Amino acid sequence: MKLIIAVIQDEDSSRLLSRLMKQGFGVTKLATTGGFLKAGNTTLLLGVDEERIHEAVEIIESVCKSRKQVTAASTSIGGMNHGDYAAYPVEVTVGGATLFVLSVDQFLKI
Ligand code: 2BA
């Protein structure tokens, strides 16, 4: 068995959950926050038999779309140690999904 950790956008989460559940995948949904944007995103944990990894990844790929998002970056003004910062907008592309696939030593339900 493998564990897929999928960081996805909140907007895609309910559609992806429905698709995965309909196909018989076990899923746990966590509310998470991205370190860079400091905005909410969703992390799904999926315990998947090795032969179904490809199927799960295909479903995630078909639902999760990448989007442009504008965020504020900051730069110091007045040189080093001045202590004043100015914010300016930066456009970043977020998603579709960031996946980690891990081997599972044991899967127990007690
Ligand atoms: P965030 O950390 O909020 O990052 C959101 C998006 O901001 C990223 O999208 C990327 O396009 C951009 N970004 C991140 N760090 C950046 C930087 N230092 N400079 C410029 N742009 C930057 P994604 O790459 O699609 O990542 C979406 C979310 O997936 C991330 O949200 C984070 O929650 C998670 N993630 C991505 N890579 C990860 C990793 N190596 N480990 C753990 N979580 C990760």
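User: OK, a helix here is a DSSP run, H or I, of at least four residues, numbered from the N terminus. Which helix is serine 13 found in?

Analyst: Serine 13 is in helix H1, which covers residues 10–22. Keep in mind that this is a predicted model.

User: Is serine 13 buried or exposed?

Analyst: Serine 13 counts as buried because its relative accessibility is 6%, and the cut-off for buried is under 20%.

User: What does serine 13 touch?

Analyst: Leaving out residues up to four places away in sequence, serine 13 touches Ile8, Lys29 and Thr42.

User: New topic, the ligand. Which residues are around the ligand?

Analyst: The list includes Val7, Gly34, Gly35, Phe36, Leu37 and Asn41. Val92, Thr93, Val94, Gly95, Thr98 and Phe100 are also around the ligand.

User: How does that split by class?

Analyst: The shell has six nonpolar and six polar residues, and no charged ones.

User: Which strands supply at least two residues of the shell?

Analyst: Strand E5 (84–94) and strand E6 (97–103) each do. The largest share, three residues, comes from E5.

User: And where do polar side-chain atoms come in? Take asparagine 41 and threonine 98.

Analyst: A polar side-chain atom of asparagine 41 is 3.0 Å from a ligand oxygen atom. For threonine 98, a polar side-chain atom is 3.4 Å from an oxygen atom of the ligand.

User: What about glycine 35?

Analyst: There the backbone takes part: an N or O atom of glycine 35's backbone lies 3.2 Å from an oxygen atom of the ligand.

User: How much of the ligand does the protein cover?

Analyst: On its own, the ligand has 760 Å² of accessible area, and the protein covers 51% of that.

Technical notes:
Residues are numbered from 1 along each chain as its sequence is written. This is a predicted model: local features need pLDDT of at least 70, side-chain atom pairs count only at pLDDT 80 or more; totals for chains, interfaces and linings use all residues. Side-chain values use heavy atoms; hydrogens and water are left out. A residue is near a molecule or strand if one of its heavy atoms lies within 4 Å of it. A polar contact is a pair of N or O atoms within 3.5 Å; within protein, one must be able to donate a hydrogen and the other to accept it, and residues adjacent in sequence count only if both atoms are side-chain atoms. Accessible areas come from the Shrake-Rupley method with a 1.4 Å probe; for residues, only the protein chains shown count as cover. Ala, Val, Leu, Ile, Met, Phe, Trp, Tyr, Cys and Pro count as nonpolar, Asp, Glu, Lys and Arg as charged, and the others, Gly among them, as polar. Buried means under 20% relative accessible area, exposed over 50%, partly exposed in between (1.4 Å probe, protein chains only). Contact means heavy atoms within 4.5 Å.
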